[in-house]
Amino acid sequence: MKDLRAFRMLMASVAAVGVGAGASAAGEFDGVTIQAKLIGGQQYEGLYARIADWEAETGGKVEISSKKSHFEIDREIKSDMAAGTTSWCVGSNHSSFAPQYEGLYVDLNAFVPAETVAEFVPGNINASTVGGELLMLPRAQFDVSVLYYLKSNYEDADKSAAFKEEYGYDLAVPETWDQVKDQAIFFADPPNFYGTQYAGKDEAIVGRFYEMVVAEGGNYIDETNKPIFNSEAGQRALQWFVDLYEAKAVPAGTTSYVWDDLGQGFASGTIALNLDWPGWAGFFNDPESSKAAGNVGVAVQPMGSAARTGWSGHHGFSVTDDCENKDAAVSLVMFLTSEESQLAESAGGSLPTRTAVWATNVEAAQNGDDAFRAEALAAFAEGAKHAFAVPPIPEWGESTNIVFPELQAAIVGDKTVEEALNDAAEGVDELMREAGYY
């Protein structure tokens, strides 16, 4: 297809100059082994396969000591910090997590040429900077979720007639979260087919809840960092999750799901509507990995009563201050976030964080004949207009550990929505008071 050929041609031209900007001399790191702790998952394996190219070019070796979900990596990193065992060198990082790791990572401004930093989207660099220090280089994983859906559900005349008779409006790709709930309940046929799904534990569900609160006109914390999510907007947001669970429109195990579970679930062809990240786009429409391939539509994320959801962030790589071979570690990080690497990652559907790669993606989609890629890119480009980050405070992650069990309690019916949110807010309020915010 034309757009894939365009990617391959540009990638080949970048490859011709070696590992890219800031490339190390051949054999410069002979005998050096870099230990890395990386986020794991299907959508990341293509990039990690390229590490062999860095090893061949530089003579260095990479030992991946951990490859887990970001939540598990986060817990492991914090355990290392507490134990003083942070001599490993490269770690996966995320704009939502970075403020928590005070003192762990070097300021990459001291290692990476300013002209290289300038090649990234400024907003991503700003979000990678904490207290004036550039703590990570962004990879081609700028995340904002949009709506994936099975097109066949909207091409069935009998379903359309039955839906309109029951709900009083035409069946079409949903534009609001109320419509998503209606349609998810309508499409569900448990245990064989479900209307939708959501991540149900850890930061994953708190982030989803947070963006739904914003969509309903509320917020997570106020300007003093006091929790305010136990509001009418918060109650409406959480009730959405509860209603879907009670209606059996989501899988029973959804309260234990995180991102990989959702990706595999939609790829199984048994989920009608799925709010998910860019990195899954290519996977979902690949017949070798997905039963939904050829039947996948992509649309901008729906509206709440006040705004669109848009919880966002981006992945990156950092270098520890205790690393004995910082130059080699920085070389690896620059390679993994280079233009060539971002072209390779974004070809699978993820959104790049380098300006030039954004331009190449848009041009390829416009000039190519891959209608799905063009549709997905257009949806994510629109979705990115509504993106907003989690609160940029070190306590964000710790607060989610307080909140997510309370959200789960409401979803499964152990507490009312109001009880769960009040208990969660009380816990976060204590955390913020102890942190000295008020």
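**Notes on a predicted model: pockets, packing and backbone**

1. Let's start with the second largest pocket. Its lining is made up of 25 residues, and those nearest the centre are I39, Y44, H70, W259 and H315. The space inside comes to about 370 Å³. Please keep in mind that this is a predicted model.

2. Which elements supply at least two residues each to that lining? They are α4 (70-83), β6 (137-144), α9 (202-215), α11 (259-267) and β10 (312-319). Of the elements, β10 gives the largest share, with 3 residues. By residue class, the lining of the second largest pocket holds 10 nonpolar, 12 polar and 3 charged residues.

3. Rolling a probe the size of a water molecule over the atoms shows where empty space is left. The structure has 1 cavity of 30 Å³ or more, and the volume of the largest cavity is about 120 Å³. It is lined by 13 residues, with W177, Q197, R208, W240 and L275 closest to the centre. Two or more lining residues come from each of α8 (177-187), α9, α10 (232-246) and β8 (273-276). The lining of the largest cavity divides into 9 nonpolar, 3 polar and 1 charged residues.

4. As a reminder, an α-helix has 3.6 residues a turn, so residues three or four places apart point the same way. Just after the helix, G59 has a positive phi of about 85°.

5. Aromatic pairs deserve a point of their own. The count comes to 31 aromatic pairs. One of them joins Y220 and W396 edge-to-face, with 5.1 Å from centre to centre and 65° between the planes. This pair links distant parts of the chain: Y220 is in the loop between α9 and α10, W396 is in helix α17 (residues 396-411), and the two are 176 residues apart. Are Y220 and W396 buried or exposed? Both are buried. Elsewhere, ring pairs connect Y149, Y154, F163, Y167, Y169, F186 and F187 into a cluster.

6. Next, V330 in helix α13. With a relative accessible area of 5%, V330 is buried. Leaving aside neighbours within four places in sequence, V330 makes contact with L108, F111, V112 and V319. For a sense of scale, V330 and P190 are 49 Å apart in space, C-alpha to C-alpha, and 140 residues apart in sequence.

7. Q342, in helix α14 (residues 339-346), has 0% relative accessibility and so counts as buried. Beyond the neighbours within four places in sequence, the contacts of Q342 are F120, P138, R139, A140, T337, P352, T353, R354 and V357.

8. Finally, some backbone details to check by eye. Most residues other than glycine have a negative phi, and most peptide bonds are trans. Where is there a cis peptide bond? It joins P190 and P191, with omega about 5°, and P191 lies in the loop between α8 and α9.

9. D202, in helix α9, has a phi near 55° and counts as buried at 8% relative accessibility. N225 has a phi of about 75° and is placed in the loop between α9 and α10. With a relative accessible area of 13%, N225 is buried.

How values were computed:
Residues numbered from 1 in each chain as written. Predicted model: local features only at pLDDT ≥ 70, side-chain atom pairs only at ≥ 80, totals over all residues. Heavy atoms only, no water. 1 Å grid on protein atoms, 1.4 Å probe; cavity = no way out; pocket = protein on both sides within 12 Å on 5 of 7 lines; lining within 4 Å. Points joined across faces, edges and corners; volume = space filled by probe spheres on them. Helix = DSSP H or I, 4+ residues; strand = E, 2+ residues; numbered from the N terminus. Nonpolar A, V, L, I, M, F, W, Y, C, P; charged D, E, K, R; others polar. Phe/Tyr/Trp six-rings, centres within 6.5 Å; stacked < 30°, edge-to-face > 60°. Buried < 20%, exposed > 50% of the residue type's maximum accessible area, 1.4 Å probe, protein only. Contact = heavy atoms within 4.5 Å.
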